[in-house]
Amino acid sequence: QVQLVESGGGLVQAGDSLTLSCAASGINRRAMAWYRQAPGKQREFVARISITGVTSVANDLRGRFTIARDNAENVVRLNIARLKFEDTAAYYCNTVPPQTNYWGQGTQVTVTS
């Protein structure tokens, strides 16, 4: 049974940095990605990482978002630098492409002034 558990979100100030974690169980050796869903908007792709560590970040997020993985611990992390109000969203991890039944609860990031 696949389980993806996101953590690390919270209430943060604009300009701060934050690292989110995704602990994966029941799954291994898969390309993984982070997605986010802002209030009233559709879920969108944020960043992906291959099994070998090759990364890709959504065009409008490059320079502030960094994705990394620890294959030994089966954890995928997302570092967000210089947080902006528009980064407020629920952040989720999933495979590439995402599987409907893999979505977890997500972790909420709320950026304040």
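This report describes strands, loops and selected residues of one predicted model.

## The six-stranded sheet

Six strands form an open sheet in the order β2-β10-β9-β4-β5-β6, and their pairing is mixed. The two edge positions are taken by β2 (10-13) and β6 (55-57). Each of these edge strands has a single partner strand, so one side of each is left without a neighbour in the sheet. On average, neighbouring strands of this sheet are turned by 25° against each other, with direction ignored.

Strand β5, which covers residues 44-49, is joined to β6 by three bridges, and the two strands run antiparallel. Within this pairing, R48 stands opposite S56 in β6.

## Strand β3 and its partners

Strand β3 (18-25) pairs with β1 in the antiparallel sense over five bridges. The bridge partner of S7 in β3 is S21. Strand β3 is also joined to β8, by six bridges, and these two strands run antiparallel as well. Here C22 stands opposite V76 in β8.

The two faces of β3 can be told apart by their cover. L18, L20, C22 and A24 make up the covered face. T19, S21, A23 and S25 make up the uncovered face.

## The start of the chain

V2 lies in the segment before β1 (3-7). When neighbours within four places in sequence are left aside, V2 is in contact with S25, G26, I27 and Y102.

V2 and W103 are 101 residues apart along the chain, while their C-alpha atoms are separated by 9.6 Å.

## R30 between β3 and β4

R30 is found in the loop between β3 (18-25) and β4 (32-37). With a relative accessibility of 28%, R30 counts as partly exposed, because that class lies between the limits of 20% for buried and 50% for exposed. Not counting residues up to four places away in sequence, R30 touches I51, R69, T95, Q99 and Y102. Y102 is also among the contacts of V2.

A second pair of residues shows how sequence and space may be set side by side. R30 and Q13 are 17 residues apart in sequence, and their C-alpha atoms are 33 Å apart in space.

## Backbone features in the loops

Most residues other than glycine have a negative phi, and most peptide bonds are trans. Several places in this model depart from these patterns, as the following values show.

N74 is not a glycine, yet its phi is positive, at about 55°. N74 is located in the loop between β7 (65-70) and β8 (75-80). R82 likewise has a positive phi, of about 45°, although it is not a glycine. R82 belongs to the loop between β8 and β9 and is partly exposed, with a relative accessible area of 46%.

The peptide bond from V96 to P97 is cis, and its omega is near -10°. P97 is placed in the loop between β9 (89-95) and β10 (107-112).

Definitions and conventions:
Residues numbered from 1 in each chain as written. Predicted model: local features only at pLDDT ≥ 70, side-chain atom pairs only at ≥ 80, totals over all residues. Heavy atoms only, no water. Helix = DSSP H or I, 4+ residues; strand = E, 2+ residues; numbered from the N terminus. Buried < 20%, exposed > 50% of the residue type's maximum accessible area, 1.4 Å probe, protein only. Contact = heavy atoms within 4.5 Å. Pairing = 2+ DSSP bridges. Axes fitted to C-alpha atoms, helices over the stretch in contact; angles between N-to-C directions.
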